[in-house]
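Please look at the structure below.

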Amino acid sequence: MSKYFLNYLDELESEAIFILREVWAQFENPVILFSGGKDSILVTHLAKKAFYPAKIPFALLHVDTGHNFPETIQFRDDLVKELGVKLIVGSVQDSINNGRVAEERGKNATRNALQITTLLDTIEERRIDCAIGGGRRDEEKARAKERFFSHRNDFGEWDPKNQRPELWNLLNGKHFEGEHFRAFPISNWTEMDVWNYIKRENIKIPSLYIAHEREVVWRSNSWIPVSEFLRLEEGEKIQKKKIRFRTLGDITITGGIESEADTLEKIVQEVSAMRKTERGDRSDDKRSETAMEDRKRQGYF
């Protein structure tokens, strides 16, 4: 009798597709959390495969901070048009205008944490019972604690000690009114897996991931891109460097790295030699040792 073997990327793909189909089977109004970053793009691509030849059955939910890379927004809009899916946008600026959150001040001010309130308000308003994210366990120690189906209470809070067991790939999405779940179909993927898969599948990605010339400022041990939201401090000067971004977020907090990787092949080679986590250039994660977990407990992605 012949045996059927999958290579490791096929196994990861199969697992992720299984999770996505389980979400569709168990929840009434699930969405994909879409940031325009490589992980959410990957999840969207996997959803396309999971339900082909039908359209993706999930809407894309983007929490818009108002401080985005222009390239990210353009990529988002182009992809939505190409796939013919529904786009839901939660605006942090609207949350500020409505008095739901207060804008941070100072040199390292960011709207990153403000996304929590906007996200939870959108989930409640739209009666979303599952938000599918692109979080991976290798990214950060708080995300390493996540299950495939991650329960959130009726305040949108995450308790890592009160999660459902997932023995034998049995996933339990039952919840009370007001509660919801986050699902993480690519939890077991690494950054290297993501790039190898993007290369294999020839998935479109924003140009920000490719090395290019850009005006930047050296701050918090990272090259922070110059934008209308950046306020120069004394002694800081604008420089032009060939950089790329390993992860995308608010333009005010996302640091780039100097790089010559201007093709997917070069990116794979570069990532294989990296010894620093991809979120190591995100200034919001440098605020404290538990910055990510503190935000996640409050309802962050």
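Glu 258 and Lys 241 form a salt bridge, with N and O 4.0 Å apart; the term means a side-chain nitrogen of Lys or Arg within 4 Å of a carboxyl oxygen of Asp or Glu. The pair connects strand β10, which holds Glu 258, with strand β9, which holds Lys 241, across 17 residues of sequence. This is a predicted model, in which local features need pLDDT of at least 70 and side-chain atom pairs pLDDT 80 or more, while totals for chains, interfaces and linings use all residues. Residues are numbered from 1 along each chain as its sequence is written, and side-chain values use heavy atoms, without hydrogens and water.

**Salt bridges**
- Glu 258 is partly exposed at 48% relative accessibility, and Lys 241 is partly exposed at 21% (buried is under 20% relative accessible area, exposed over 50%, partly exposed in between, with a 1.4 Å probe and protein chains only).
- The whole structure contains 20 salt bridges.
- One of them joins Asp 121 to Arg 100, with the closest N and O atoms 2.8 Å apart.
- Asp 121 is in helix α5 and Arg 100 in the loop between α4 and α5, so this pair ties together parts 21 residues apart in sequence.
- Glu 177 and Arg 127 also meet in a salt bridge, at 2.8 Å from N to O.
- Glu 177 sits in the loop between β5 and β6, and Arg 127 in the loop between α5 and β4, 50 residues apart.
- Glu 177 is exposed at 64% relative accessible area, and Arg 127 is exposed at 58%.
- Shared partners join Asp 10, Glu 13, Lys 49, Arg 200 and Glu 201 into one network of salt bridges.

**Helix α7**
- Helices (H or I, at least four residues) and strands (E, at least two) are DSSP runs, numbered from the N terminus.
- In α7, residues 264-272, the buried residues are Leu 264, Ile 267, Val 268, Glu 270 and Val 271.
- They lie on the same side of α7 because they cover an arc of only 165° around the axis, taken from the directions from the helix axis to the C-beta atoms.
- These buried residues pack against α6, β9 and β10 (contact means heavy atoms within 4.5 Å).

**Largest pocket**
- The largest pocket has a volume of about 480 Å³; on a 1 Å grid over the protein atoms alone, a pocket is an open set of points where a 1.4 Å probe fits, with protein on both sides within 12 Å along at least five of seven lines.
- Its lining has 21 residues, and Ile 123, Glu 124, Ile 128, Gly 178 and Glu 179 are the closest to the centre (lining residues have an atom within 4 Å of a point).
- Helix α5 gives the largest share of the lining, four residues.

Note on methods: Grid points are joined across faces, edges and corners, and a volume is the space filled by probe spheres set on the points.
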